[in-house]
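Let us walk through a protein model together, one step at a time. Keep the sequence and the picture side by side as you read.

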Amino acid sequence: MITGDVLDVPGATMPEKVEYLQDHDTVRQFANQEPRAYAQMTTNLLPPPCDPSADAEFIPMQADGTHAVSGSNAMCVMTVLLETGILPMQEHETRVVLDTAAGLVEAVATCLAGRGERVTLTFFPAYAEHLDATLSLVAICGGFPQPVKLGARLVAWREADVLDWLDGQQTRGI
């Protein structure tokens, strides 16, 4: 966990910050390679949150790259935030909103005697609107909205962009 000495990452949004770190990989390589680390290690960066409704932000940096979100890392981050005093701990339950490149995550820690005992996470909604759908060749050949890069092997599309594209297909009778 990197809790200090790293200035805020360039970017106005969390996806922009993650993309910057993916393109400028020196912090991840420094933190996650020998002699400081090993291949299976994850380092979490804790810059100031982009979203004003968030209490904290984290960016997981793993051996294969910098990622948008990680559930197990969100639990670790919550524990560090509370047990180091970065965020105030409330005895029996502490609620924190974590800003991630994939969306806001609500974390609730059960706390006892100054320690985090359990962390429960509520993630942003994720769903598939169309199952077993056929992707048109128009999407492959061009015109489909650009994806948002969430990690080394993970992309997503903005719902509004896809809905606008679908409306345009219906208008053209495709």
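What follows is a tour from the whole chain down to single residues.

First, a word on how to read the model. This is a predicted model, in which local features need pLDDT of at least 70 and side-chain atom pairs count only at pLDDT 80 or more, while totals for chains, interfaces and linings use all residues. Residues are numbered from 1 along each chain as its sequence is written, and side-chain values use heavy atoms, with hydrogens and water left out.

Start with the overall picture. The protein chain contains 5 helices and 9 strands. Here helices (H or I, at least four residues) and strands (E, at least two) are DSSP runs, numbered from the N terminus. Along the principal axes, the C-alpha atoms fill a box of roughly 65 × 40 × 30 Å.

Of the 174 residues in the protein chain, 32% are buried. A residue is called buried under 20% relative accessible area, exposed over 50%, and partly exposed in between (1.4 Å probe, protein chains only).

How far apart are the mean positions of the positive and negative charges? For the 10 positive and 23 negative charges of the protein chain, the distance is 5 Å. In this count Lys and Arg are positive and Asp and Glu negative, with His and the chain ends not counted. Each charge is placed at NZ of Lys, CZ of Arg, CG of Asp or CD of Glu.

Now find the open sheet of 4 strands, ordered β2-β5-β6-β7 with mixed pairing. Two strands pair if DSSP finds at least two bridges between them. β2 (56-57) and β7 (115-122) stand at the edges with a single partner strand each, so one side of each has no neighbour in the sheet. Strand β6 (residues 103-112) pairs with β7 in the antiparallel sense over 7 bridges. Among the bridge partners, cysteine 111 has glycine 116 in β7, and valine 108 has threonine 120 in β7.

The hairpin of β6 and β7 has 2 residues between the strands, and there alanine 113 takes a positive phi near 55 degrees. That is a positive value in a residue other than glycine. Alanine 113 is exposed, at 67% relative accessibility. Histidine 92, in strand β5 (residues 92-100), also deserves a look: its phi is near 25 degrees, a positive value in a residue other than glycine. Histidine 92 is exposed, with a relative accessible area of 58%.

Turn to helix α3 (residues 71-83), where you will find methionine 78. Is methionine 78 buried or exposed? Its relative accessible area is 0%, so methionine 78 counts as buried. Which residues is methionine 78 in contact with, leaving aside neighbours within four places in sequence? They are Thr94, Val96, Ala107, Val108, Ala109 and Val119, where contact means heavy atoms within 4.5 Å. The C-alpha atoms of methionine 78 and phenylalanine 58 are separated by 9.7 Å, and these residues lie 20 apart along the chain.

Our last stop is a group of aromatic rings. Rings of Phe, Tyr and Trp (its six-membered ring) pair if their centres lie within 6.5 Å; planes under 30 degrees apart count as stacked, over 60 as edge-to-face and the rest as tilted. By this rule there are 3 aromatic pairs. Phenylalanine 144 and tryptophan 157 have ring centres 5.8 Å apart and planes at 70 degrees, so this pair is edge-to-face. The pair links distant parts of the chain, 13 residues apart: phenylalanine 144 is in the loop between α4 (137-141) and β8 (148-151), and tryptophan 157 is in the loop between β9 (154-156) and α5 (159-171). Phenylalanine 144 also forms an edge-to-face pair with tryptophan 165, at 4.8 Å centre to centre and 75 degrees between the planes. Tryptophan 165 sits in helix α5, 21 residues apart from phenylalanine 144. Tryptophan 157 is partly exposed, with a relative accessible area of 41%, whereas tryptophan 165 is buried at 13%. Together, Phe144, Trp157 and Trp165 form one aromatic cluster.
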